[in-house]
Amino acid sequence: MHDSKVKHVQDQVKAWKADGMKSGMCTARPGWMNISFRRGLYKKTMRNIEVNLIDILNVDTERKIVRVEPLVSMGQITAMLNPLGWTLPVLPELDDLTVGGLIMGVGIETSSHKVGLFQHCCVSYELVLADGSVVKCSKDENPDLFYAVPWSYGTLGFLVSAEIQIVPAKKYVRMEYFPAKSRQKMIERFEQETNKGSGNEFVECLVYSENSGVIMTGNMTEEAEADKINPIGYFWKPWFFKHVEQFLRIGSAVEYIPLRHYYHRHSRSIFWELQDIIPFGNHPLFRYLLGWTVPPKVSLLKLTQGETTKKLYEKHQVIQDMLIPLGKLDEALDVFHKHLKLYPLWLCPFMLYNLPGLVHPAGHQDEMYVDIGAYGAPTAPGFQAVPATKRLEEYVLKVKGFQMLYADTYLSETDFRKMFDHKLYDTMRERLQCHKAFPEIYGKINRNVRD
Ligand SMILES: Cc1cc2nc3c(=O)[nH]c(=O)nc-3n(C[C@H](O)[C@H](O)[C@H](O)COP(=O)(O)OP(=O)(O)OC[C@H]3O[C@@H](n4cnc5c(N)ncnc54)[C@H](O)[C@@H]3O)c2cc1C
Ligand SMILES: NC(=O)C1=CN([C@@H]2O[C@H](COP(=O)(O)OP(=O)(O)OC[C@H]3O[C@@H](n4cnc5c(N)ncnc54)[C@H](OP(=O)(O)O)[C@@H]3O)[C@@H](O)[C@H]2O)C=CC1
Ligand SMILES: CC(C)=CCC[C@@H](C)[C@H]1CC[C@@]2(C)C3=C(CC[C@]12C)[C@@]1(C)CC[C@H](O)C(C)(C)[C@@H]1CC3
């Protein structure tokens with residue numbers, strides 16, 4: 001079936017060529033379906049290519065690889081792999097994130113400080129190129145293409161399958177919560193747990209105010225102390241970020257969360273976005289009676305959202321993930337506080353390998369970075385969404401960081417090229433004759449091409 005689905009993609013690309021290559025191409029997946037704040041206006045003007053490949057193709061436990069099609073979602077992968085005793089080294093937490101989106105964009109999770117980003121766990125990609133041919137690439141076969149694909153947003157070709165490493169899964173994650181009541185203690189502990197050699201499998205921090213936060217470490221285990229098991233994912237359970245906040249009051253603690261509940265711990269409250277959509281959603285009565293009805297699908301929200309709600313969100317909300325060198329965390333928290341004053345903030349450390357491609361450390365050696373995620377309504381006096389986001393972008397550019405591109409970016413094209421190293425990318429676009437086939441990345445992610 002896979003081969004015939006790939007042929008269908010090829011046929012569409014060939015038909016586009018035969019029709020005179022009038023406009024660029026993009027996937028036919030509608031804008032409301034994906035996990036990002038905006039919908040691409042380009043979907044209306046460019047040739048839509050159906051890439052409806054939704055299956056997990058093969059689990060090879062000897063080579064320790066799973067082969068999947070691009071629309072396979074994270075929820076689908078955990079449901080399939082975890083009962084077989086396997087999992088992905090990096091498993092981004094929202095159920096509806098897809099393999100294609102995570103490879104063409106970026107994927108990060110609390111294990112990334114050890115194993116890197118989603119792309120770093122991928123072994124090979126199969127793509128349909130602008131000329132309609134199918135090509136495979138890996139670090140040994142067509143390595144230039146392999147390293148150019150991540151972050152390219154579908155502007156080098158259509159992904160039709162990927163091979164991803166798998167690692168053994170265990171039943172529970174043993175969580176330790178360390179509340180910190182000063183900025184200095186928080187950062188010290190966070191760095192210490194991140195750099196703990198072979199130490200923690202998962203590290204994350206939720207920052208609850210300018211000077212407080214809870215650092216969390218997790219390690220997979222088969223055994224658990226029966227009285228400390230907490231299946232946090234059930235609908236009647238408190239939202240995860242609320243559950244974690246209480247440790248600021250009661251002190252450090254240990255508990256065991258079933259693995260799949262851990263992975264999707266932020267799904268049920270869509271990080272903390274659901275509190276703005278259903279303010280009483282964490283009330284015990286609501287949870288017991290109607291908890292099973294939430295969260296709403298992000299795609300349903302996007303599909304049914306009217307103009308007014310959209311404008312309100314634009315004006316009052318910030319949704320951004322900024323990736324900066326770990327050493328700058330303290331300073332960056334000040335910058336976020338000054339311009340946004342928005343809590344909780346999500347901190348997720350990750351190792352940025354010095355590999356070719358759009359995103360690599362400035363110093364040409366592997367470097368520990370941290371993702372600062374800001375989602376919600378800022379409370380900084382005089383806050384205005386666009387100027388505040390621009391100030392953050394300037395700061396991120398200055399410290400040689402990166403902005404995640406699922407969110408709005410106001411960078412100019414020149415600054416965008418400063419932030420993302422286009423050298424290999426430009427060469428590949430030339431070599432694969434992409435100019436008529438696909439816009440440049442900037443042409444897909446800048447604010448003017450999104451509604
Ligand atoms: C009574 C019964 C008996 C079964 N017996 C067997 C059996 O003997 N052997 C076995 O292996 N399995 C069996 N199954 C399981 C079955 O294989 C699975 O339920 C399978 O997922 C059904 O596939 P489908 O093609 O009907 O998918 P659907 O149910 O049509 O699709 C699954 C999901 O994928 C989406 N989807 C489908 N196509 C596309 C596309 N092109 N693009 C985007 N999204 C898409 C759909 O919207 C849906 O959400 C059985 C199931 C039932 C209910
Ligand atoms: N923890 C995390 O890491 C999180 C990550 N995210 C972000 O969400 C996004 C993923 O969302 P998702 O809804 O899955 O993906 P999207 O549908 O939003 O796709 C993202 C980009 O990848 C391109 N793309 C997707 N599939 C293919 C393919 N088969 N061939 C070529 N290009 C493709 C899309 O191209 P086109 O525009 O042509 O459709 C689009 O530009 C990522 O950008 C990720 O960074 C969000 C939340 C959490
Ligand atoms: C790297 C990491 C962890 C990123 C997490 C990003 C999420 C918090 C973002 C991704 C998509 C996202 C922007 C979204 C929304 C909230 C924040 C989300 C879930 C919501 C649901 C907020 C309400 C809005 O009306 C609307 C429905 C448009 C969006 C949809 C996308």
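The mean pLDDT of the protein is 96, and 100% of its residues reach 70 or more; pLDDT is the predictor's confidence in each residue, from 0 to 100. This is a predicted model, where local features need pLDDT of at least 70, side-chain atom pairs count only at pLDDT 80 or more, and totals for chains, interfaces and linings use all residues. Residues are numbered from 1 along each chain as its sequence is written, chains are lettered from A and ligands numbered from 1 in the order in which they are written, and side-chain values use heavy atoms, with hydrogens and water left out. The scores of the model are ipTM 0.76 and pTM 0.88.

**Around ligand 3**

- Ligand 3 has 20 residues around it, and Phe271, Glu273, Gln305, Tyr313 and Asp321 come nearest; a residue is near if one of its heavy atoms lies within 4 Å.
- The protein buries 95% of the 650 Å² that ligand 3 exposes when taken alone (accessible areas come from the Shrake-Rupley method with a 1.4 Å probe; for residues, only the protein chains shown count as cover).
- Helix H13 (298–304), strand S14 (318–325) and strand S16 (367–376) are the elements that give two or more residues to this shell, and H13 gives the most, with three. Helices (H or I, at least four residues) and strands (E, at least two) are DSSP runs, numbered from the N terminus.
- By class, the shell has 13 nonpolar, two polar and five charged residues. Ala, Val, Leu, Ile, Met, Phe, Trp, Tyr, Cys and Pro count as nonpolar, Asp, Glu, Lys and Arg as charged, and the others, Gly among them, as polar.
- Ligand 3 lies between domain 1 (2–168 + 427–449) and domain 2 (172–304), because both give residues to its shell; the domain bounds come from an automatic or database domain assignment.

**Around ligand 2**

- Ligand 2 is surrounded by 27 residues, with Thr27, Tyr42, Lys43, Thr98 and Val106 the closest.
- Oxygen atoms of ligand 2 lie 2.6 Å from a polar side-chain atom of Thr27, 2.9 Å from a side-chain N or O atom of Lys444 and 3.4 Å from a backbone N or O atom of Tyr153.
- Taken alone, ligand 2 exposes 910 Å², and the protein buries 94% of that.
- At least two shell residues each come from strand S1 (25–27), helix H2 (42–45), helix H4 (99–104) and strand S8 (158–165); the largest share, three residues, belongs to H4.
- This shell divides into 14 nonpolar, nine polar and four charged residues.

**Backbone and loop details**

- Phe271, one of the residues that come nearest to ligand 3, has a positive phi of about 55° although it is not a glycine. Phe271 sits in the loop between helix H10 (259–263) and helix H11 (274–277) and counts as buried at 7% relative accessibility (buried means under 20% relative accessible area, exposed over 50%, partly exposed in between; 1.4 Å probe, protein chains only).
- Lys64 also has a positive phi, near 60°, and is partly exposed at 40%.
- Val294 and Pro295 are joined by a cis peptide bond with omega about 5°, and Pro295 is in the loop between helix H12 (284–290) and H13.

Terms used. Polar contact = N/O pair within 3.5 Å; in protein donor to acceptor, adjacent residues only side chain to side chain.
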